[in-house]
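Here is a short briefing to read with the structure open beside you. Please have a look at the fold before moving on to the notes.

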Amino acid sequence: MNASPFATSARTATNRRVESVGKTVLAGVTALLILPLTAILGLLVIRGAPALSMEFLLEAPTAGMTAGGVFPAIVGTLWLVGVSLAVSAPVGIMAGIYLNEYAKANWLTRMVNLAIVNLAGVPSIVHALFGVGVFVLFLGLGTSILSASLTLAIMTLPVIIASTKEALAAVPMAFREACWTLGATRWQTIRHVVLPNSISGILTGVILQVSRAAGETAPIMFTGAAFYLPFLPQSVQDQCMALSMHLFTVSTQVPNVPEAIPYATALVLLSVVLLVNMFAIAFRTYLRRNRKW
Amino acid sequence: MVSASPMIEVENLSVNYAGKPALDQLTLDVRRNEILAVIGPANSGKTTLLNCINRMIETIPSASVSGTVKVDGHNVAEYRDPSLLRRRIGMVFPLPVGLPMTVYENVTFAPRMAGEKDRTVLDETVQRCLKQSALWDEVKDRLDDLGTRLSGGQQQRLTIARALSLNPEILCLDEFSIAVDPVTTMKIEEVLKELNENMTIVVVTNLVLQAKRLAHRTALLLRGKLVEVGDNEVIFSRQTADARTFQYVQGLFG
């Protein structure tokens with residue numbers, strides 16, 4: 001009698017063992033990753049909770065930063081993130097569209113792409129110096145929300161361009177060819193087929209830059225963020241406070257700050273980023289409905 | 001007499017892909033209201049020929065083209081906007097590409113891009129094209145489904161419906177039956193014969209029998225050169241002008 005073709009051989013047993021070991025290792029690494037994240041978040045909540053209150057969210061710092069709240073910093077961070085993304089998102093997305101859809105594959109395009117990849121790796125303090133040199137001094141914008149936001153925009157641009165290009169490249173070439181064959185122009189093809197099917201990937205790139213723009217301290221420190229301001233910014237020409245900057249100030253620059261205040265500030269910063277991202281994600285989900293191929 | 005002139009005139013057409021020749025000094029006419037089949041083994045330049053007719057060749061960066069192609073007496077290179085040319089030529093690819101939108105939007109895509117906004121006109125277009133491509137009965141209740149959800153054979157007929165949506169004077173099909181079952185293939189062939197009454201049709205095919213069934217004339221390409229073009233009665237007989245035609249048609253090529 002022949003052996004059943006479905007009988008277990010040594011080979012399949014080995015395969016099964018490798019499979020289960022591999023799965024366990026990958027799951028373990030993932031768990032290891034989650035551990036420090038939850039630890040950080042837990043620490044922030046536990047240490048920051050004593051300082052958290054409605055007053056903390058809605059009042060300005062008092063008593064030389066050792067009491068009061070972070071309201072001006074929240075407002076300042078929203079200004080900075082808003083203005084910087086209002087500049088970098090459209091510019092970055094348009095540049096990404098040009099580079100992926102229109103630019104010919106020649107040495108100039110390759111140089112530009114190389115420059116973008118390298119720019120994405122430039123440390124933020126270098127962007128800060130660039131911002132001081134160009135926006136604050138050369139263009140005479142002074143230390144202002146505008147200077148700080150433009151500096152942040154320069155910092156986030158390369159990543160937005162790169163992620164836009166990647167999202168566009170993920171749309172099958174065959175869709176474009178089908179459109180062109182039907183007499184659609186390049187722009188019609190982009191507008192009606194390529195963009196609707198890549199917008200969620202493009203927005204993911206933008207969303208990731210929200211946290212970066214909100215979190216970086218160096219680029220705004222010399223260009224528009226203030227240690228302490230007794231008033232809220234009225235326009236982009238004013239300076240502003242910012243949560244990241246405030247966190248830096250209360251944790252290192254001011255003596256006798258109650259321990260809970262820096263932790264609570266960090267928690268508020270995280271929450272603001274999360275909140276902004278949630279709006280963006282909701283918008284993305286709205287755009288993505290019914291899009292499948 | 002304009003109407004007596006050929007619908008498509010290809011003259012001394014040569015195409016290189018990054019220096020590698022694909023078409024070599026090809027000269028070929030397609031007559032008005034005929035079905036011309038183009039046969040030949042892989043890499044003989046059949047698809048390249050179609051790409052030159054609607055100038056899609058320009059979207060391939062490595063391609064360089066010399067020679068002229070005239071459609072309806074006008075050199076295609078003289079169109080300042082290639083989309084105006086492409087609207088006159090329906091094109092069907094080997095593998096169906098349903099655009100990621102509904103069946104209705106798929107069929108009306110070309111007219112909408114050409115500026116048609118009138119809903120009743122678009123409705124009529126959808127009905128006419130889906131009937132012409134023998135798809136109407138199967139999808140008339142699914143017009144708002146995604147085109148990509150249809151079966152492979154239905155998607156191929158959807159691409160044919162789409163290609164017909166602007167009432168093109170010329171319809172080019174590149175191995176349309178490669179992803180389609182034999183029954184659907186026969187359905188499409190019947191459709192093509194009907195459409196042929198007021199349309200010039202070019203069919204690139206690997207199926208010699210399909211060329212014999214469908215076409216009035218057949219052209220054999222080999223490594224970018226035209227071996228022979230002639231009426232099907234000649235091409236599929238023993239009296240071919242070139243011995244290679246007889247061998248290829250009989251499957252004796254080697």
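Against which helices of chain B do the buried residues of α4(B) pack? They pack against α3 (103-113), α5 (136-139) and α6 (152-164) of chain B. Please keep in mind that this is a predicted model.

**Helix α4 of chain B**

- B:Thr125, B:Val126, B:Cys129 and B:Leu130 are the buried residues of α4(B).
- An α-helix has 3.6 residues a turn, so residues three or four places apart point the same way.
- B:Thr120, B:Val121 and B:Glu124 are exposed, and they sit on the other side of α4(B).
- After α4(B) comes B:Ala134, which has a positive phi, near 60°.

**The sheet of chain B**

- Chain B has an open sheet of 4 strands in the order β2-β1-β4-β5, and the pairing is antiparallel.
- Its edge strands are β2 (20-30) and β5 (74-75) of chain B, each of which pairs on one side only.
- Strand β1 (residues 8-17) and strand β4 (residues 63-71) of chain B run antiparallel and are joined by 8 bridges.
- B:Glu11 has B:Thr68 in β4(B) as its bridge partner.

Notes. Residues are numbered from 1 along each chain as its sequence is written. Chains are lettered from A and ligands numbered from 1 in the order in which they are written. This is a predicted model: local features need pLDDT of at least 70, side-chain atom pairs count only at pLDDT 80 or more; totals for chains, interfaces and linings use all residues. Two strands pair if DSSP finds at least two bridges between them. Helices (H or I, at least four residues) and strands (E, at least two) are DSSP runs, numbered from the N terminus. A residue is buried if 20 or more other C-beta atoms lie within 10 Å of its own, exposed if 12 or fewer, and partly exposed in between; C-beta atoms are placed from the backbone. Two residues are in contact if their C-beta atoms, placed from the backbone, lie within 7 Å.
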